[in-house]
Amino acid sequence: MTQSSQDQHVAVLAFPLGCHPWPLLNLACKLACAAPNVRFSFFNTPKSNSKLFSTSQAEPPQNLKAYDVADGVPEGHVFTPGNPVEELELFLNAAPESFRNGMDMAVAETGREISCLLTDAFLVFASEMALDMHAKWVPFWVPAPHSLSAHMYSDLIYETYTNVCGGGEDGINTSDGDNYGTGTLGGIKPIDKTLDVIPGLSIMRFRDLPQQLLLGDFNSSLFSSALYRIGAVLPQASAVIMNSFQELNPATLTDDLKSKFQNLLYVGFLTLTLPPPPPPPSHSDATGCLPWLDDQKPTSVAYISFGTVSAVPPHEFVALAEALEASHVPFLWSLRDNFKEILPTGFLQRTRTQGKIVPWAPQAHVLAHKAVGVYVTHCGYNSVFESVVGEVPMICRPILGDNMFNGRMVEDVWGIGVGVEGGVFTKNGMLKSLEVVLGEEHGKRMREKIRDIKDLVVKAAGPTGIASKDFNTLVEVISK
């Protein structure tokens, strides 16, 4: 550490929804251990902080302190049913003032002015905030690198899609999964056209993109506006951090992104320990998942989870449940209690010996268990690589954000999973997918490929990997 690091104070600003806070907190803790003379103040909403620190297995470093900031939800506010964006919009509206108040408190406590803002990249207002404070800004991109590239080229994507499809919603992949348009371009539906115009995204298709990018829907909400501004503000950052390993991504993608930023630093997956540690004793699992898995045959169980935010439409839940029951495949389903009422009448009773349903599962430990043979997933970026490290092939039902990109990589690039037929859960389609992944021929081939990807990831995480060098560079950026 340089002598000046004694005065450095890094404010860590979290995006409190979905999986985003976990990797950012892990990164902050890792940095705090590497830079013991630097002070780290972690700012997050009370609800998110409570989840983070109640489930954390380790005490944070002594030079890191967490602070609660207002979530923007008015006292007594009742959320509108079926409107998941409402909480996000309230938070973003209040966030600049909430974070400023939190930082003022931390500065008063420590006597150290803020020298660097380490933030989730979705918090684009931090660019101007850092400028006002004469501090560095270092944004952290949590989703897949392919997704960042798409947002950097949002204008070009909208222009190209408009020219190809004539604009409008015709052909866009909706939440029902099967609205792919009726027009063709040289025998190819416009939504199936590959993204050749974007360096490193030639494997992706227009249908893999979020709807707002195709429609040019950049100002309909605070969140849409923030995503659109990413292309303009991230090049101003002192460094952009990637929650990924460079070795996993196309050189064309990395080279193009590096040409746009002052520093592009791949620091690895911040929710994974590599190489993976030995699993905990099954009797220590309070959820009962691991003891239940101990009683199942190797690679026989279907594990189902759609993350903390994502949810499929009710009729797809029903189709998925019907397929599980008809398949007689043992299943472990991480399903919040409020979704159980959607399940077919009598399903829980009829499948009580076939499956186990829990409101939350220790996912990394479940996927590492020898009994799990397939993971039915929404293809969140962290979830995909937890599955890779556990050597479990996937059945992919992407839902939002970068899920479609990740699903495309799983199925078409790496060959370690299959997409659900037609993009949505149906009983017959799901039965086919289970048969393919759990079958002797295809399943064995997928597991061989997934072991190769795992070996690459573990090597990339080692001392000779790019992530180690890039992390040291990051320590220098925030310390000087």
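Zero salt bridges are found by the rule across the interface of domain 1 and domain 2. The model is predicted, and the domain assignment of the chain places residues 9-146, 222-273 and 465-479 in domain 1 and residues 282-459 in domain 2. The C-alpha centres of domain 1 and domain 2 are 30 Å apart.

Contact between the two parts involves 19 residues of domain 1 and 17 residues of domain 2. The size of an interface is often given as the accessible area lost when the parts come together. For domain 1 and domain 2, the buried area is about 1,400 Å², and carbon and sulfur atoms give 69% of that area. On the side of domain 1, the residues that lose the most area to domain 2 are His146, Leu248 and Leu272, which together supply 37% of what that side buries. By class, the side of domain 1 that touches domain 2 consists of 10 nonpolar, eight polar and one charged residues. Although salt bridges between domain 1 and domain 2 number zero, four residue pairs, with both residues at pLDDT 80 or more, are in polar contact between these domains.

The structure also contains zero disulfides. A disulfide requires two cysteine sulfur atoms within 2.5 Å. For Cys396, the closest cysteine sulfur belongs to Cys379 and lies 3.3 Å away, so the pair is too far apart for a bond. Cys396 counts as buried, at 2% relative accessibility.

How values were computed: Residues numbered from 1 in each chain as written. Predicted model: local features only at pLDDT ≥ 70, side-chain atom pairs only at ≥ 80, totals over all residues. Heavy atoms only, no water. Buried < 20%, exposed > 50% of the residue type's maximum accessible area, 1.4 Å probe, protein only. Domains from an automatic or database assignment. Contact = heavy atoms within 4.5 Å. Buried area = accessible area lost by both parts, 1.4 Å probe. Salt bridge = Lys/Arg side-chain N within 4 Å of Asp/Glu carboxyl O. Polar contact = N/O pair within 3.5 Å; in protein donor to acceptor, adjacent residues only side chain to side chain. Nonpolar A, V, L, I, M, F, W, Y, C, P; charged D, E, K, R; others polar.
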